[in-house]
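Subject: Two-chain model, handover and findings

Hello,

Here is the structure I promised to pass on. Please open it next to this message, as my notes follow below.

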Amino acid sequence: MQATGYLWDPESVTEDEELPLLRTEKLMLNMGPQHPATHGVLQVILELEGEKILKATPHLGYLHRGSEKIAEQGTYTQVIPLTDRLDYICAMANNWAYVRAVEKLMGVEVPERAEWLRTLVAELSRISGHLFWLGTQALDIGAMTVFFYTFREREVILDVFERLCGARLTNSYMRVGGVERDIDPWCIDKLREFLATFQARIDEYDTLLKENRIWIRRTRDVAVITAEDAVEYSLSGPSLRGSGVNHDLRKAEPYGVYEQLDFEVPLGKRGDTYDRYYVRVRELEQSSGMVRQILDRMPEGPFITEDPKLRRPDKVLVNASMEAMIQHFKVVCHGFDVDKGEVYCGTECPKGELGYYIVSDGTGNPYRLKIRAPSFVHMGALDHMSRGYMIADLVTVFGTYDIVMGECDR
Amino acid sequence: MPATHEGAMEIVDKLRESFPDHYMGHKVFRDEPYIGIRKDGLREICRWLKETPGLEFDYPVEVTAVDYMGDAERFEVIHVLWSMRHRRRVILKTRVSEADCAVGTVTDIWRGANFMERETYDMYGITFTGHPDLRRIMMTDDFEGWPLRKDFPVEGRGWRENYDFLPQVGD
């Protein structure tokens, strides 16, 4: 008999004869918490029928560090380094989201140049985050080459960040009222050099992926989510825009200097993994265009507010004058008091809407700080988006959210 | 359409007219309305906010809570909602007492609220009545206590002292 893959010979079965009863049962499979493609420590319990996913239950919390509880103990400035460790791929954007929330609560005026600098580093971190995503998503799906190319470009941005604030990943560059220090000409030259070749680099990634048949088959019509579902599941950022929903807080509630910049919000159509890939790559182009505009138009001026309650005095002054030294100690040890009140402030980070809900009781430390992390919210849609797909597609599904467990678990 | 004070007051007025029994007070801060409501009306108001033409708050941004220890109604459950069409935000605040620590779920209104409510339950012990899968999400299933309550100690509960093979504080 020819091997047909059947468990019995189909031709020997006549209509009268009953088929041998095959026992079918659902299979429970544990994936993670240690898994090379989970971008951190994530456990998913899968309910399978053969290779088809019937249900995916994510178990979170392996990276839970209690950032929100820790934040209640420290001053408002001491929270800034905690925000670095949420989404450690693009820490600058997290810093900004946090200081924006505090500034919204306090009503602080930020100097012009600081806003431009913030927008610059936020867009740079968007580029670096999307490059990281592109490399790792391709790596997860099986296209290893892209990873090496994107990390080559990402390195330039990290070098600029290192020069700018002394750290490559955990930047802590933002301060309430401005930024920590000014940009120097070396960084600007480096960035111009980077921009000169970056469009060609994006084209290079496109040649590797855009029309790659394997890539298309692994991403086209995988993890499809309709626009209505995406909104109801509270997806944000490129994950939402891939479904064609035009929602971007940079346009909806312009902050920083986005109102003065010329940029578009790329949208997908089908809401599948390929469209989200497409949206992110086009965002790379938009962001690099914004960086170019900022470098051309950034005005001169102070980079942090003059308010002595918020900023540390110059180090030269601290060594020379008693008052400056007192101010220095006051700002570092006590921080600043925030009037009683509460505020929600959302910011468009590379992964989606990163929001902070801050409740102040009038003292120098936050009474309650809630972090609305896009990765956590996206995990809520994992079950919905992975049902009916193959087990091999699950890696694609959480890759497509651009998930970082540090942010998901906080 | 950027948020304006008038836009915020419009939402507040509509809500006050439609739900005079459930409305408790409001505050407009940075042109965004923060509305206090009674917890009995929460689900009804959420559904109304989502379905009423002109409001259409179709995007659940956040569900969280704050612990005001010492108050008669100790917890405040907060719902942050966003309207995609009208591009504005509303924040609902509901008070819950410690003795009757439960509030209606909004998971059937916005499915995305599922994980947010689970997190709030995990951190504060507030039950969301009607939630399909109310389990701990960050902490392990056998964890005791509610970590973000103000009476939960930052330094742990002396569990380290229970294990004599571990180095102790002061050794």
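Two strands are taken as paired if DSSP finds at least two bridges between them. By that rule, E4(B) and strand E5 (residues 88-96) of chain B pair in the antiparallel sense, over nine bridges. One caution before the rest: this is a predicted model.

**Strands of chain B**

E4(B) and E5(B) form a hairpin. Four residues lie between the two strands. Arg87(B) sits in that turn and has a positive phi of about 50 degrees. Across the pair, Val80(B) stands opposite Ile91(B) of E5(B).

E4(B) also pairs with strand E3 (residues 59-67) of chain B. These two run antiparallel and are joined by eight bridges. Here Ala65(B) has Val77(B) in E4(B) as its bridge partner.

Is E4(B) largely enclosed or largely open? Strand E4 covers residues 75-83 of chain B, and eight of its nine residues are buried, so the strand is largely enclosed by the rest of the structure.

**Chain B overall**

Chain B has three helices and seven strands. Their order along the sequence is α-β-β-α-β-β-β-β-α-β. The C-alpha trace spans about 65 × 30 × 30 Å along its principal axes. Of the 171 residues of chain B, 39% count as buried. Take the contacts in chain B with a separation of 6 or more: 49% come from residues 24 or more positions apart.

**Chain A overall**

Chain A has 17 helices and eight strands. Its C-alpha atoms fill a box of roughly 100 × 45 × 35 Å along the principal axes. Buried residues make up 48% of its 410 residues. Of the contacts in chain A between residues at least 6 apart in sequence, 69% join residues at least 24 apart.

**Helix packing in chain A**

Two packed helices are described by the angle between their axes and the distance between the axes. I noted two such pairs, and H6(A) takes part in both.

Start with helix H5 (residues 145-165) and helix H6 (residues 185-209) of chain A. They pack at an angle of about 165 degrees, with axes 10 Å apart. H5(A) and H6(A) are therefore roughly antiparallel. Their crossing is left-handed. From H5(A), the contact residues include Tyr149(A), Val156(A), Val160(A) and Leu164(A). From H6(A), they include Trp186(A), Leu191(A), Phe194(A), Phe198(A) and Tyr205(A). By class, the contact has 13 nonpolar, two polar and six charged residues.

Next comes H6(A) with helix H11 (residues 273-297) of chain A. Their axes come within 10 Å and cross at roughly 160 degrees. H6(A) and H11(A) are therefore roughly antiparallel. This crossing is left-handed. H6(A) brings residues including Ile188(A), Leu191(A), Leu195(A), Phe198(A) and Tyr205(A). Among those they meet in H11(A) are Val281(A), Leu284(A), Ser288(A), Val291(A) and Leu295(A). This contact has ten nonpolar, one polar and three charged residues.

**Where the chains meet**

The contact takes 31 residues from chain A and 26 residues from chain B. Which elements of chain A give two or more residues to the side that touches chain B? They are helix H1 (67-73), helix H8 (227-232), strand E6 (341-349), strand E7 (352-360), strand E8 (368-372) and helix H14 (374-379). E6(A) gives the most, with four residues. That side of chain A divides into twelve nonpolar, ten polar and nine charged residues.

**Two backbone points to check**

Most residues other than glycine have a negative phi.

- Ala223(A) has a positive phi, near 55 degrees. Its place is the loop between helix H7 (213-219) and H8 of chain A. Ala223(A) counts as buried, because 26 C-beta neighbours lie inside 10 Å and the cut-off is 20 or more.
- Glu56(B) has a positive phi, near 50 degrees. It is found in the loop between helix H2 (42-51) and E3 of chain B. With 15 other C-beta atoms within 10 Å, Glu56(B) is partly exposed.

Best wishes

Key. Residues numbered from 1 in each chain as written. Chains lettered and ligands numbered in written order. Predicted model: local features only at pLDDT ≥ 70, side-chain atom pairs only at ≥ 80, totals over all residues. Axes fitted to C-alpha atoms, helices over the stretch in contact; angles between N-to-C directions. Parallel < 35°, antiparallel > 145°, perpendicular 65-115°, else oblique. Left-handed = near helix turned anticlockwise from the far one by under 90°. Contact = placed C-beta atoms within 7 Å. Nonpolar A, V, L, I, M, F, W, Y, C, P; charged D, E, K, R; others polar. Buried ≥ 20, exposed ≤ 12 C-beta atoms within 10 Å, placed from the backbone.
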